[in-house]
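Biologist: Please show me the model. I want to ask what stands behind each label.

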Amino acid sequence: MQAMVQAARSEQLPVDICAVISNRPQAAGLVWATAQGIPTHIVNHQDYSSRDAFDAQLLAEIDRYQPDYVLLAGFMRVLTSGFVEHYLGRLINIHPSLLPLFPGLHTHQQAIDSGMACHGCTVHFVTPEVDAGPIIAQGVLPIYANDSVSDLAKRLLPLEHRVYTEVFRWLVTRQVRLTAQQQVVLAQDQSRVFFSSAS
């Protein structure tokens with residue numbers, strides 16, 4: 001989120017970051033966003049008796065702003081089908097694996113255990129099936145023989161920021177769209193794959 005806001009302001013992108021909403025009251029991003037003058041809201045999932053009730057309140061909070069896109073960043077909750085359908089084609093997520101490999105949790109450990117030579121991240125449109133939506137872009141980095149889960153996660157984070165921020169640029173400048181056939185189309189001939197600059 002911080003990388004996107006900074007890019008929007010430093011590059012004067014044609015976008016209004018209308019709000020930052022979190023389900024975690026202690027999320028550091030809320031403090032940072034408030035300091036930047038961005039409205040923030042907390043919808044604490046622990047205050048709701050069901051996933052449906054939480055998602056209904058989250059949807060109501062988001063819809064106050066009528067956003068063109070809803071970008072999930074570090075949001076670790078599975079959203080209901082009704083919520084996803086409401087924002088279909090406008091709801092974006094980043095996942096720490098090269099989807100369709102390793103959906104769900106513990107992706108870094110799964111990548112190491114698999115014996116694969118590379119790992120990465122995927123920015124995708126969200127669909128009711130978890131981590132299965134149309135892929136917008138991916139970032140790739142090598143897995144080294146002595147990598148631990150924390151090593152891999154630490155090396156992947158800057159690449160996640162880079163890829164998600166680039167997709168953010170594409171969205172706000174209308175360079176990416178989702179067709180009725182659920183195909184991702186870029187307006188220009190750009191690569192949808194980013195490689196780690198680390199050796």
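Modeller: This is a predicted model, in which local features need pLDDT of at least 70 and side-chain atom pairs count only at pLDDT 80 or more, while totals for chains, interfaces and linings use all residues. Residues are numbered from 1 along each chain as its sequence is written, and side-chain values use heavy atoms, with hydrogens and water left out.

Biologist: What makes S5 largely enclosed by the rest of the structure?

Modeller: Start with the terms. Strands are DSSP runs of E with at least two residues, helices are runs of H or I with at least four, and both are numbered from the N terminus. Buried means under 20% relative accessible area, exposed means over 50%, and partly exposed lies in between (1.4 Å probe, protein chains only). Strand S5 covers residues 118-125, and seven of its eight residues are buried, so the rest of the structure largely encloses S5.

Biologist: Why is S4 called mostly covered?

Modeller: Five of the five residues of S4 are buried. Both faces count here: Leu91, Asn93 and His95 are buried on one side, Ile92 and Ile94 on the other.

Biologist: How do you know that S4 and S5 pair?

Modeller: Two strands pair if DSSP finds at least two bridges between them. S4 (residues 91-95) and S5 have four bridges and run antiparallel. Ile94 has Val123 of S5 as its bridge partner. Asn93 stands opposite His124, and His95 opposite Thr122.

Biologist: What joins S5 to S6, and in which sense?

Modeller: Seven bridges, in the antiparallel sense, link S5 with strand S6 (residues 135-142). Cys118 stands opposite Pro142 of S6.

Biologist: What makes the pairing of the sheet mixed?

Modeller: The open sheet has five strands in the order S3-S4-S5-S6-S9, with mixed pairing. S3 and S4 pair in the parallel sense over two bridges. S4 and S5, by contrast, run antiparallel.

Biologist: Why are H5 and H6 called roughly perpendicular?

Modeller: Axes are lines fitted to C-alpha atoms, for helices over the stretch in contact, and angles run from 0 to 180 degrees between N-to-C directions. Angles under 35 degrees count as roughly parallel, over 145 as roughly antiparallel, 65 to 115 as roughly perpendicular and the rest as oblique. The axes of H5 (residues 107-114) and H6 (residues 149-172) come within 9 Å and cross at roughly 115°. H5 and H6 are therefore roughly perpendicular.

Biologist: Which residues make the contact of H5 with H6?

Modeller: Contact means heavy atoms within 4.5 Å. His108, Gln109 and Ile112 of H5 touch Val149, Leu152, Ala153 and Leu156 of H6. By class, that contact has five nonpolar, two polar and no charged residues. Ala, Val, Leu, Ile, Met, Phe, Trp, Tyr, Cys and Pro count as nonpolar, Asp, Glu, Lys and Arg as charged, and the others, Gly among them, as polar.

Biologist: What makes H1 oblique to H6?

Modeller: H1 (residues 2-10) packs on H6 at about 45°, with the axes 9 Å apart. That angle makes H1 oblique to H6. On the H1 side, Ala3, Met4, Ala7 and Ala8 meet His161, Tyr164, Thr165, Phe168 and Arg169 of H6. The classes in this contact are six nonpolar, two polar and one charged.

Biologist: Is Phe102 buried or exposed?

Modeller: Phe102 has a relative accessible area of 14%, so it is buried. Phe102 is in the loop between S4 and H5. Its phi is near 55°, a positive value in a residue other than glycine.

Biologist: Why does Gln66 count as exposed?

Modeller: Its relative accessibility is 60%, so Gln66 counts as exposed. Gln66 lies in the loop between H3 (51-63) and S3. Phi of Gln66 is near 50°, also a positive value. Most residues other than glycine have a negative phi, and most peptide bonds are trans.

Biologist: Where is the cis peptide bond?

Modeller: The bond from Leu99 to Pro100 is cis, with omega near 10°. Pro100 lies in the loop between S4 and H5.

Biologist: Why is Thr34 called partly exposed?

Modeller: Its relative accessible area is 47%, so Thr34 is partly exposed. Thr34 belongs to H2 (residues 28-35).
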